[in-house]
Amino acid sequence: MGFPTCKLSFTDSERFEPKLIDVLEEKWGDLAESIGVSGCVAQCSRPATRAIGWVGSGYELYMLKLGGTTDGRHQGEPLIDYETGEVYLYQVPAGEVWKVCDALIEFYVKYRGPEEVDGSMGYFFRRVGTRKVIEWLKSHPKTRHLMAPKKVQSKLLGYAELRRARESLQSSPQSGRTSVAPSTLSHA
Ligand code: SF4
C-alpha cells in the first residue's frame, strides 16, 4: 500500500502504481504485461511475481525486480550482473521509474520471439538473461544515466548463487535455450 495507508512504508505505491501504468499505456496501449509496486521490502503486494516489479527501497526510491511470472512459477530478481557481482537499479528515483519500464517494454516488443505472446514478458527477461537486459539499459538514451553499478550486497548474494546455478543448467547442451546476441541489440 505504501504512503499514506501503511505505517511501515518507505514510499508510495498505492497511488504511484496507477499513475505509472497510465503513463506507460499512453504509449503502449492497454498493457497485457504485469507491473507491480510495493511500498517497502515486505512486498505484501508481491511485486516480484510480476514481469516488472518495483520494491520501495527508500523515500521515493524503488528497486527493480525483473522476470517474475504471474503463473507463480518464477519470482523476479534484482538486476544483477552475475559475472561482475554488480547490482543495478537498486534505488531508482520515482520520477525515473517509468523510463526504465518504457525501455524494458521496448526491449521486449523488439526482441520477443514468435512464441512470446502477450503476457510473456517475464519469461522473455528470463530467457535473454540479465546481462543482455543490463547491456540494453546501459545503451538506452532514457536509462543509461541510471546504470551506475553497485557491488552486490551480502543479502543479495543468494540470488547470485541461485542464478549462477540456473544459468549453468540452461547453457548445458540439453537445454535447447537461445538468447539475443549482443550484436543484435539496437535502439533504432
Ligand atoms: S509492502 Fe506491506 S508493509 Fe510494506 S508498505 Fe506495502 S503494505 Fe506496508
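Which residue in S4 is the bridge partner of Leu-66? Glu-77 is that partner.

A word on the model before that. It is predicted, with local features needing pLDDT of at least 70 and side-chain atom pairs counting only at pLDDT 80 or more, while totals for chains, interfaces and linings use all residues. Residues are numbered from 1 along each chain as its sequence is written.

Now the strands. Helices (H or I, at least four residues) and strands (E, at least two) are DSSP runs, numbered from the N terminus. Strand S3 covers residues 61-66 and runs antiparallel to S4, with two bridges joining them. Strands pair if DSSP finds at least two bridges between them. On to S5, residues 86-88: three bridges join it to S4, again antiparallel. Asp-81 has Glu-86 in S5 as its bridge partner. The hairpin of S4 and S5 has four residues between the strands, and Gly-85 there takes a positive phi near 75 degrees.

Is S4, residues 77-81, mostly covered or mostly uncovered? Mostly covered: four of its five residues are buried. Buried means 20 or more other C-beta atoms within 10 Å of the residue's own; exposed means 12 or fewer, and partly exposed is in between, with C-beta atoms placed from the backbone.

Next, the core. A nonpolar core is a set of buried Ala, Val, Leu, Ile, Met, Phe, Trp, Tyr and Cys residues joined through C-beta atoms within 7 Å. The largest one here has 34 residues, and Leu-64, Leu-79, Leu-89 and Val-100 have the most contacts inside it. H2 supplies the largest share of this core, seven residues.

Take Val-100, in helix H2, residues 97-111. Why does Val-100 count as buried? Because it has 24 C-beta neighbours inside 10 Å. Contact means two C-beta atoms, placed from the backbone, within 7 Å. Setting aside residues up to four places away in sequence, Val-100 touches Leu-64, Leu-89, Val-92, Thr-143 and Leu-146. Leu-89, with neighbours within four places left out, contacts Met-63, Leu-64, Leu-79, Val-100 and Leu-146.

Last stop, helix H3, residues 121-128. Seven of its eight residues are buried, so H3 is largely enclosed by the rest of the structure. Among those buried residues are Phe-124, Phe-125, Arg-126 and Arg-127. The buried residues of H3 pack against S3, H2 and helix H4, 130-139. Just after H3, Gly-129 takes a positive phi of about 90 degrees.
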